[in-house]
Amino acid sequence: MSAQTKPLGRQNGVTLLEVLIAIVVLSIGMLGMLGIMMNSMKLTTSSNYRSTAAQQAYSMADTLKANIANWATYTTSSATAVGGCLTATGCLSASNNNPSLIGTEINMWNERLATILPSGAGTVCRDSSPTDGVPGGWQCSGGAGDPYVIKVCWDEARIGATATTTAVGLQAYECIRVNL
């Protein structure tokens with residue numbers, strides 16, 4: 001028998017089997033790590049949306065605080081933009097209680113929400129209950145003694161996160177609320 005040949009025995013193929021088992025174990029570990037990374041990305045995206053929504057809600061709160069005498073007009077505004085409203089000859093030349101100016105401000109705010117949040121929308125109303133419903137369909141109690149609130153909602157279904165606000169047959173939304 002030469003030094004280069006070995007007799008066939010029970011050990012043939014064991015190394016190949018060990019390599020296959022190692023690949024399976026490594027693959028399971030890698031899939032687990034991938035799942036953790038995906039979940040982390042979802043939570044990070046949701047956190048970014050929440051921060052953006054809070055910033056936009058506080059931005060509208062600052063706008064309302066700058067025009068405190070006309071809060072009631074913000075809750076009844078049609079949110080229709082008026083062309084040239086923010087010019088010296090437009091809405092700014094009229095009185096402070098100008099529905100066109102307030103409608104333009106709310107319209108611009110909602111356009112900004114729709115741009116920076118997925119299906120983002122907001123409302124200003126008087127309400128004593130927590131955020132509910134979906135954008136454009138919030139239930140605001142509107143009572144004279146209820147606090148003024150700003151509500152901002154956006155679609156969380158795109159990232160697969162669980163949203164706190166849902167409606168039958170509609171997308172899942174996440175909402176925040178700022179009391180004034």
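These legends walk through close-up views of a predicted model. Residues are numbered from 1 along each chain as its sequence is written, and side-chain values use heavy atoms, with hydrogens and water left out. Because the model is predicted, local features need pLDDT of at least 70 and side-chain atom pairs count only at pLDDT 80 or more, while totals for chains, interfaces and linings use all residues.

**View 1. Three strands make an open sheet, in the order β1-β2-β3.** Helices (H or I, at least four residues) and strands (E, at least two) are DSSP runs, numbered from the N terminus. The pairing in this sheet is antiparallel; two strands pair if DSSP finds at least two bridges between them. β1 and β3 are the edge strands, each pairing on one side only. On average, neighbouring strands are turned by 20° against each other, direction ignored (axes are lines fitted to C-alpha atoms, for helices over the stretch in contact, and angles run from 0 to 180 degrees between N-to-C directions).

**View 2. Here β2 meets β3.** The two strands run antiparallel and are joined by 7 bridges. Look for V149, which stands opposite N179 in β3. Strands of a sheet pair through backbone hydrogen bonds, either parallel or antiparallel.

**View 3. A disulfide joins C153 to C175.** The structure holds 1 disulfide, a term that stands for a pair of cysteine sulfur atoms within 2.5 Å; here the S to S distance is 1.9 Å. The torsion about the S-S bond of C153 and C175 is about 110°, so this disulfide is right-handed. C153 lies in strand β2 (residues 148–155) and C175 in strand β3 (residues 173–179), so the pair ties together parts that are 22 residues apart in sequence. Both cysteines are buried (under 20% relative accessible area; exposed is over 50% and partly exposed in between, with a 1.4 Å probe and protein chains only).

**View 4. The largest nonpolar core has 20 residues.** Such a core is a set of buried Ala, Val, Leu, Ile, Met, Phe, Trp, Tyr and Cys residues joined through side-chain atoms within 4.5 Å. M60, W109, L117, V124, I150 and V152 have the most contacts inside this core. α1 (14–66), α2 (71–76), α3, β2 and β3 each supply at least two of its residues, and α1 gives the most, with 6 residues.

**View 5. S119 sits in the loop between α3 (99–116) and β1 (121–126).** Phi of S119 is near 55°, a positive value in a residue other than glycine. At 31% relative accessibility, S119 counts as partly exposed.
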